[in-house]
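Visitor: I am new to this structure and would like a close look at one part of it. Please show it to me first.

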Amino acid sequence: MIKFAIKRILVSIPTLLAIITLVFFLVHMTPGNPFDGERALSAEALKSLMAQYRLDLPLWQQYIMYLNDLIHGNFGISMKYLGQSINSLLFPDNMGGFWVTLRISIYTMSVAVPIGILLGAYAGLHKNSWFDKMVVSGNIFFTAVPTMVTGPLAVLIFAVTLRVFPAGGWGDGDFMHLFLPVVVLILAYAPTIAFVMRGSIIEVLSSNYIRTAKAKGLPTKTILFKHAIKPALLPVISLLGPMFAGVLVGAVVTEQIFTLPGLGVLTTNAATNRDYNMIMAITILGSTLTIVFNIIVDLLYILLDPKIKQ
Amino acid sequence: MFIKAKNLNLETPKTKGFWLSVFGRLSKNKLAMTSAFIILALTILCICVPIFSSVAYDKTNWGEIMQSPSSGHLFGTDSLGRDLFVRCFIGGRITFGIAFAAAFVVLLVGIFYGAIAGYIGGRVDTIMMRIVDVLYGIPFLFFCILLITLFGNSMALSFIAIAAISWLDMSRIVRGQTLSIKHKEYVEAAMISGVSNFKIISRHVIPNLLGVVIVYAALTVPNMIVLSAVLSFFGLGVTEPMTSWGLLIADGSQNMQAWWLLLFPASLMIITLLSFAFLANGLRDALDPR
C-alpha cells in the first residue's frame with residue numbers, strides 16, 4: 001500500500017513538471033511582451049520592468065528560476081497589480097481568492113456526494129419506479145444544461161422574482177448568500193454521482209455472490225449493507241477525483257454568475273489585463289489540485305478494493 | 001482475384017444494410033427524431049431570421065429601450081433598444097458556427113491522433129498517450145483562457161483554442177476502438193491475405209469507427225456550445241455588437257429586472273442542449289442495439 005502510494009506520487013511528478021513546462025514555454029515563446037498594450041512606456045521604464053520580471057534574462061534561466069520559485073511555493077509577481085505578489089492575491093489573509101473557491105467546492109462536494117449516493121442507491125434498488133425514472137431524467141437534464149444557464153435562471157426565480165435569497169455577493173459567507181451558488185453546483189454534480197451509483201448497484205445486485213447470499217437466506221438488510229454497498233461504491237469513488245477538479249472549475253464559473261470574490265474574478269481580471277503570471281499561476285494551481293485529488297482517490301480506491309490491495 | 005471479388009460482393013450489401021437498419025432504428029425513436037428536427041429547425045431559423053428580418057441585429061433604437069415582448073418585438077428589446085428576437089438568432093448563428101466548426105476540428109484531430117496511436121502501437125502509442133495524459137491534468141477552462149489571452153481575443157482564435165484542447169477524449173476513444181478492431185479476426189485475415197495497410201484502414205478500421213465518431217460528434221457539439229458560452233462569462237470570445245447565446249445570457253444575468261433578456265436566450269440554449277443530448281442517446285442506441 002505504502003509502496004504503491006509512493007510510486008503513484010512519484011509517477012505524477014513528471015506529469016506536473018510537463019504541465020508547468022508546457023505552460024511556461026507557451027507563455028514565454030509567444031511573440032510580444034505583456035507590457036506592449038499599455039500606455040507607451042519610456043525605454044528606461046520598460047527596461048526596469050523587464051528586469052523586475054526577469055524578462056531580460058535568457059529563457060532557460062527564467063525557466064529555472066520560475067521552477068525554483070514554484071518549489072518554494074512562490075507564484076511570482078502579478079503583472080497587473082504591479083509589484084504585488086500573486087500569492088497574496090491567490091491566498092489573501094481575509095476571505096477571497098482561492099479560499100472562496102475552495103470553500104464553495106468543499107460545501108458542494110460534502111452535500112452532493114452523500115445525496116448522490118443515496119438517491120442513486122435508492123433508484124437502483126427500485127429500478128423502473130417513478131423515482132428511478134426521475135433520477136435518470138434529472139441526470140440527462142443537468143448533464144446537458146450547465147451551471148451557466150441554471151445559475152442565472154435560479155437568480156431570476158429565487159432572488160429577483162421571489163426575493164428569498166440575495167442575487168449575489170459573498171456577504172460574510174453566510175448561509176443565505178452561499179445557498180444559491182452551492183445548490184446550483186450540487187444540481188450540476190449530484191445527478192452524475194446518482195446515475196453512476198444507480199448503475200453500479202444494479203450491476204452488483206445481479207452478480208453471482210449476491211445471488212448466493214440470497215440463496216443462503218440472508219436478510220435483505222445484511223445483503224445490502226454488508227455485501228452490496230462496498231463494491232457498488234467503487235465506481236463512484238473513481239468518479240470523484242476528476243469530479244472534484246471539475247467542481248473547482250465549476251465553482252469558478254458559478255462565482256462569475258453570483259459575483260463572488262474567488263478565483264473567477266482573478267481569472268477575468270487576468271484575462272482582460274493579459275496578466276500572464278496570474279493565469280499561469282491559476283492554471284498550475286488547478287493542475288496541481290487535479291493531480292493531487294486523483295492520487296487521493298486512487299489511494300482510497302485501493303483501500304476499499306480488496307482485489308488490488310494484495 | 002476471384003476470391004477477392006467475391007468478398008467484395010459479400011461486403012457491400014452488408015454494410016449498406018447496417019446503416020439502413022441503424023437509420024430504421026433511429027427513425028423509430030420519437031424523442032431522437034424530434035430532437036433532430038428541432039436542431040434542424042433552429043439551424044434554419046438562425047440562418048434565415050437575420051436575413052429576412054426588417055431590423056438589423058445591431059440597430060439601436062433609443063425610443064424602444066427595454067421593451068417587454070410584444071407583437072412588434074417578439075422577444076422584447078435590450079438596453080440599447082435592439083430587437084432581441086433577431087439578436088437571439090444572429091447569436092445562435094455564431095454559437096452554432098463556433099460549435100460545429102470546433103467539433104469538426106476536434107473530430108478530425110481526435111480521429112487521426114487516436115487512429116495513428118492505436119494502429120502503430122508500441123512506443124509511438126505510449127508517447128502519444130502520455131501527452132494526452134499530461135494535457136488531461138490541466139483544468140480545461142483555465143487552459144482555454146490562457147490560450148485566448150496569449151493569442152488575442154478573436155473569434156477565430158478562440159475557436160481554434162477550444163478545438164486544440166478538446167480532442168483528448170475523442171483520441172482516447174478512437175485509439176481504444178482501433179486497438180480492438182486491429183485484433184479482430186477479419187482484420188488479421190485481411191493482413192494475412194496481403195491487403196495493404198491503407199486498404200485495411202479505409203475498409204475495416206474507419207467504417208467501424210464511424211459509429212463511435214457519430215455519437216461522439218453529437219456529444220461534442222453541445223460541449224462546444226457550453227464552453228464558448230462559459231468563455232463569454234469571462235469576457236472572452238465574441239464581442240459587441242456581435243453576439244452569441246453565451247453573451248446574451250451573460251448580459252441577461254446583468255439585467256435581471258428585464259426577465260426576457262435572460263429567459264429567451266437561456267431557453268433556446270436549454271432546448272438545443274437537450275436536443276443534442278437526446279439525439280446522441282438515440283444514435284447510441286441505434287448504433288449499438290442490445
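Visitor: What span should the 15 residues of helix α7 (residues 168-182) of chain B have at 1.5 Å a residue, and how far apart are its end C-alpha atoms?

Guide: The model is a predicted one. Helix α7 of chain B, residues 168-182, should span 21 Å, because its 15 residues are counted at 1.5 Å a residue. The end C-alpha atoms of this helix are 21 Å apart, which agrees with that expectation.

Within α7(B), the buried residues are B:M170, B:S171, B:V174, B:R175, B:Q177, B:T178 and B:I181. An α-helix has 3.6 residues a turn, so residues three or four places apart point the same way. The cover over the buried residues of α7(B) includes helices α3, α4 (122-136), α8 (185-192) and α9 of chain B.

One of these covering helices leads on to the core. The largest nonpolar core has 154 residues, and those that touch the most other members are A:I193, B:C144, B:I145 and B:I249. With 18 residues, helix α3 (residues 84-120) of chain B gives the most to this core. Domain 1 (2-90) and domain 2 (98-260) of chain A both contribute residues, so the core lies between them. The centres of these two domains of chain A, taken over C-alpha atoms, are 37 Å apart.

B:I145 shows contacts to both chains. Apart from neighbours within four places in sequence, B:I145 is in contact with A:T267, A:A271 and A:I279, and also with B:F234 and B:L236. Between the chains, 38 residues of chain A are in contact with 32 residues of chain B. On the side of chain A that touches chain B, two or more residues come from each of α1 (2-29), α6 (130-144), α7 (147-161), α10 (220-257), α11 (263-272) and α12 (276-304) of chain A. By class, that side of chain A has 27 nonpolar residues, ten polar and one charged.

In α7(A), the buried residues are A:T147, A:M148, A:V149, A:T150, A:G151, A:P152, A:A154, A:V155 and A:L156. Their cover includes helices from both chains: α8 (175-205) and α10 of chain A, together with α9 (197-233), α10 (245-254) and α11 (259-287) of chain B. After α7(A) comes A:R163, with a positive phi near 55°.

A:P114 is in helix α5 of chain A. A:P114 counts as exposed, because 12 other C-beta atoms lie within 10 Å. The C-alpha atoms of A:P114 and A:I193 are separated by 9.1 Å, though the two residues are 79 apart along the chain.

As for chain A overall, its secondary structure comes to 13 helices and zero strands. Its C-alpha atoms fill a box of roughly 85 × 55 × 30 Å along the principal axes. Of the 310 residues of chain A, 35% count as buried. Among contacts in chain A with a separation of 6 or more, 72% are between residues 24 or more positions apart.

The mean pLDDT of chain A is 84, and 94% of its residues reach 70 or more. In chain A, helix α5 (residues 98-125) has the highest confidence, at 91, and helix α13 (residues 306-309) the lowest, at a mean of 64.

Definitions and conventions
Residues are numbered from 1 along each chain as its sequence is written. Chains are lettered from A and ligands numbered from 1 in the order in which they are written. This is a predicted model: local features need pLDDT of at least 70, side-chain atom pairs count only at pLDDT 80 or more; totals for chains, interfaces and linings use all residues. A nonpolar core is a set of buried Ala, Val, Leu, Ile, Met, Phe, Trp, Tyr and Cys residues joined through C-beta atoms within 7 Å. A residue is buried if 20 or more other C-beta atoms lie within 10 Å of its own, exposed if 12 or fewer, and partly exposed in between; C-beta atoms are placed from the backbone. Helices (H or I, at least four residues) and strands (E, at least two) are DSSP runs, numbered from the N terminus. Domain bounds come from an automatic or database domain assignment. Two residues are in contact if their C-beta atoms, placed from the backbone, lie within 7 Å. Ala, Val, Leu, Ile, Met, Phe, Trp, Tyr, Cys and Pro count as nonpolar, Asp, Glu, Lys and Arg as charged, and the others, Gly among them, as polar. pLDDT is the predictor's confidence in each residue, from 0 to 100. The expected span of a helix is 1.5 Å times one less than its number of residues.
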